[in-house]
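Here is a short briefing to read with the structure open beside you. Take it one topic at a time and look up the residues as you go.

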Amino acid sequence: MPAQVLGKVTNESGEPLPYVNIYLEGSYTGTTSNEDGNYELNISEAGDYSISFQFLGYSKITKRITVSSFPHILNVSLQEETTSLDEVVINTSEDPAYRIIRNTIARHKSNLDRISEFKADFYSRGLWRVDSIPEKFMGQEIGDFDGQLDSTRTGIVYLSETISEIAVRKPNDFKETIIASKVSGNDNGFSFNTAIDAEFTFYENTIDLNAAIVSPIAVNALSYYNYKLDGVFYEGEKLVNKIIVTPKRANDRVFKGVIYIVEDDWQLYGLDLSTNGQAIQIPFVKELAFKQNFSYDPKNRSWVKRSQTIDFGFGFLGFNGDGRFIAVYSNYDFDPGFEKRAFTNEVLSFQPEANKKDSLYWKGIRPVPLTDEELNDYIRKDSIQQLRKSKPYLDSLDRVNNRFKPLDILLGYTYENSYKKWRISYNGPLPGINFNTVQGWNGGIGLSYFQSYDENRTRWLTAYSRVNYGISDERLRTSVGVIYNFNQTNKLRIGLYGGNEAVQFNRSQPITPMVNTISTLFFERNYMKLYDLTYANVRWSQELFNGFQLRASAGYEKRKPLFNTTDYVTIPNDNVDYTPNNPRLGDMEIFLPDIIPHEIVKTTVVADINFGQKYYSYPDGKFNISDSKYPSLRIAVENGMAASESEYNFTQLRAQLYQRLSLGNKGDFTYRLKGGTFLNGEGISFADYQHFNGNQTRIGTSFNYTNVFNLLPYYDLSTNKSYFEGHLEHNFRGWILGKIPGINSLNFNLVVGAHMLSIDGNNPYTEYSVGLDNLGWGNFRFLRLDYVRSNYNGVGDGAFIFGLKFLNIIE
């Protein structure tokens with residue numbers, strides 16, 4: 001166990017100071033005080049030491065001590081920093097802070113590139129608390145979060161620590177190896193705290209916090225911030241400027257607070273900045289606060305990050321709480337001598353037995369002592385952990401959760417055996433009831449079984465059966481499936497499926513049952529077109545190597561036409577009649593089928609290629625990280641063979657390129673390019689045509705519109721020829737509207753889009769749109785409104801599209 005210097009850091013009034021930087025002078029051995037002001041500094045042997053204590057807003061002090069035995073107690077009291085403007089030359093036309101900011105911005109690139117590579121030790125601790133949360137949510141029991149809440153419905157719901165080694169080579173190489181990981185109440189758990197997620201560099205122009213927040217020292221910061229020099233002080237021979245930063249406009253995506261900049265070095269000494277949920281467009285976040293502390297490295301003439309704390313508060317529908325993430329950097333090596341191939345796409349890995357370190361190990365290596373609250377949480381949850389895994393305890397929980405209630409007949413019910421890791425679920429008829437003109441009112445019930453074979457549910461089996469009955473067509477349809485997931489590393493999965501269903505001609509389901517029900521019953525617009533499908537198929541998927549996933553399916557299909565069986569409507573419209581269940585025929589051709597009964601064998605092979613894909617390697621699985629720097633490519637080959645009608649055999653080749661690019665505070669640009677061609681497709685069934693995602697309801701349900709034409713009739717341009725479609729959309733995320741007084745308080749996002757469809761032998765179909773996203777009130781921001789103009793064969797059209805993004809979540 002390492003030797004220790006320990007103590008408490010307080011202010012002049014004896015109040016504890018949290019997250020004070022404490023380090024051996026002239027080295028990168030250091031620690032941070034905890035929330036109670038307590039600290040522990042690990043040193044190797046007895047001797048003479050100079051220990052520095054640094055905290056924003058307080059004067060740095062260095063204590064010279066002689067350590068002869070351990071533990072050595074060293075309590076320290078810090079004095080508030082006395083700043084003055086005596087040495088500052090005042091310009092009556094401009095605050096002197098602006099000169100400092102301009103000099104710092106002028107060194108933007110050199111500050112980013114100053115240290116090109118390094119190694120360091122990294123410690124992180126994450127904590128989430130909840131306060132007085134409700135016992136029920138939307139009528140459902142919430143429970144006690146597996147024993148994490150006390151009698152007042154308050155407690156720590158997440159507490160975790162990691163010790164790791166990190167390696168960095170700019171601009172894009174990163175590697176973290178976690179040596180020790182601890183999760184309160186779960187001795188098999190692995191922390192989700194990572195160094196890459198904690199890497200926030202304010203030398204960058206923006207900080208990505210869901211929305212891009214402009215840094216106070218970005219190259220364009222002077223357009224967003226006001227600055228005021230609050231005073232200066234010396235650390236050794238270095239003059240440090242304390243600058244108050246405030247937004248120019250109240251609702252910009254910016255920070256407020258204090259930054260400390262070293263004169264002549266024009267680097268950060270520290271910062272204390274905050275923003276809020278409105279700025280980052282996560283409404284339930286009340287505040288998000290950053291503190292960073294730096295110390296000087298004379299060899300590299302750089303101020304390097306010692307510690308970082310992120311505090312946040314949240315509240316949503318009675319769920320309130322706060323949390324904090326601490327990061328401590330130590331033992332820097334700025335001359336690591338990396339080999340050319342030292343880095344791969346694996347950015348996180350765990351050493352063996354990383355989650356099996358005992359409390360003595362943690363007590364000896366943890367750089368930031370636990371607070372009393374954290375210590376008690378570990379003790380309480382660790383003491384009851386085995387109890388909560390025991391069969392009697394899990395059975396007692398199941399007895400409560402498995403209670404049957406009368407409404408479960410309609411809504412659904414789940415019976416679970418937590419100890420044996422299986423559950424059986426019944427899906428009630430009420431949530432799935434809908435209406436279409438083929439089946440009339442229809443709905444169904446379902447049964448499913450799930451079995452996990454390990455504690456973290458990486459290997460599992462599920463089976464299901466569903467029954468659907470249409471009142472008008474008096475048809476009972478059943479479907480079944482069995483899926484086995486082998487692991488979370490290469491994500492090998494095999495499934496068997498079969499049954500009979502009424503399916504849309506466009507299997508992407510461009511119109512949802514809920515939207516179609518409303519459109520049909522209240523507006524007499526029966527846009528959903530169906531055919532009868534009897535099928536049996538097998539599906540396989542696996543990530544063959546990083547960034548390359550292959551999926552394949554093969555199966556038998558028997559298809560039949562379906563016809564309208566009802567003309568029921570809730571609100572009749574004298575000027576509108578239901579159209580036949582044939583996507584290509586007019587109102588008078590009611591009894592002509594669009595497809596003839598036939599059988600076919602279908603095979604599909606799909607390759608998904610994610611260029612430059614980074615990933616985390618956890619002991620129980622591999623977790624891929626999306627990277628906006630590179631696009632994703634999908635290539636597919638679809639075959640129809642052995643058809644009962646020989647002209648129905650075909651091959652389709654198709655591809656898709658997709659990317660979402662972050663442009664900093666200027667928003668997000670997304671594109672999706674799709675194309676394909678048919679071989680021997682001249683006489684194929686309409687069910688096998690390439691259908692495009694149209695929209696005739698004027699209701700949008702997706703989070704963005706890069707896979708839909710909002711004014712295109714669902715099947716007007718379906719094709720068996722070569723085609724290309726392109727979708728572009730830019731969400732400005734407040735870059736434009738955030739600068740307009742009055743409008744910026746609404747926190748809306750301007751969105752523009754362009755869409756094009758080109759088919760061999762046809763004129764192009766185009767759409768252009770402009771809209772507002774992030775509409776709503778309070779914490780509910782799931783609405784969007786767009787005006788769309790289309791053009792095809794010289795005929796233009798225009799309409800408003802009302803986006804109801806919550807339907808995407810519900811369905």
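The points below cover nonpolar cores, aromatic pairs and charges over rings.

Please keep in mind that this is a predicted model. Its largest nonpolar core has 52 residues, and a search of the whole structure finds 54 aromatic pairs.

**Nonpolar cores**

- Within the core of 52 residues, Ile243 and Ile259 have the most contacts.
- Beyond its neighbours within four places in sequence, Ile243 touches a set of residues that includes Ala97, Ile100, Ile101, Tyr227 and Leu229.
- Ile259 is also on the contact list of Ile243, along with Gly257, Val258 and Ile261.
- That list holds Lys228 and Asp230 as well.
- A second, separate core has 43 residues, among them Val503, Tyr531, Phe650 and Ala799.
- As background, nonpolar side chains tend to be buried together in soluble globular proteins.

**Aromatic pairs**

- One of the 54 aromatic pairs joins Tyr618 and Phe623 in an edge-to-face arrangement, with 5.3 Å centre to centre and 85° between the planes.
- The pair counts as edge-to-face because its angle of 85° is over the cut-off of 60 degrees.
- Tyr618 is buried, at 10% relative accessible area, whereas Phe623 is partly exposed, at 36%.
- Both residues belong to a cluster linked by ring pairs, which also includes Phe190, Phe192, Phe350 and Tyr616.

**Charges over rings**

- Arg249 sits over the face of Tyr224, 5.6 Å from the ring centre.
- Lys622 lies over the face of Tyr615, and here the distance to the ring centre is 4.6 Å.

Conventions
Residues numbered from 1 in each chain as written. Predicted model: local features only at pLDDT ≥ 70, side-chain atom pairs only at ≥ 80, totals over all residues. Heavy atoms only, no water. Core = buried A, V, L, I, M, F, W, Y, C linked by side-chain atoms within 4.5 Å. Buried < 20%, exposed > 50% of the residue type's maximum accessible area, 1.4 Å probe, protein only. Contact = heavy atoms within 4.5 Å. Phe/Tyr/Trp six-rings, centres within 6.5 Å; stacked < 30°, edge-to-face > 60°. Lys NZ or Arg CZ within 6 Å of the ring centre and 35° of its normal.
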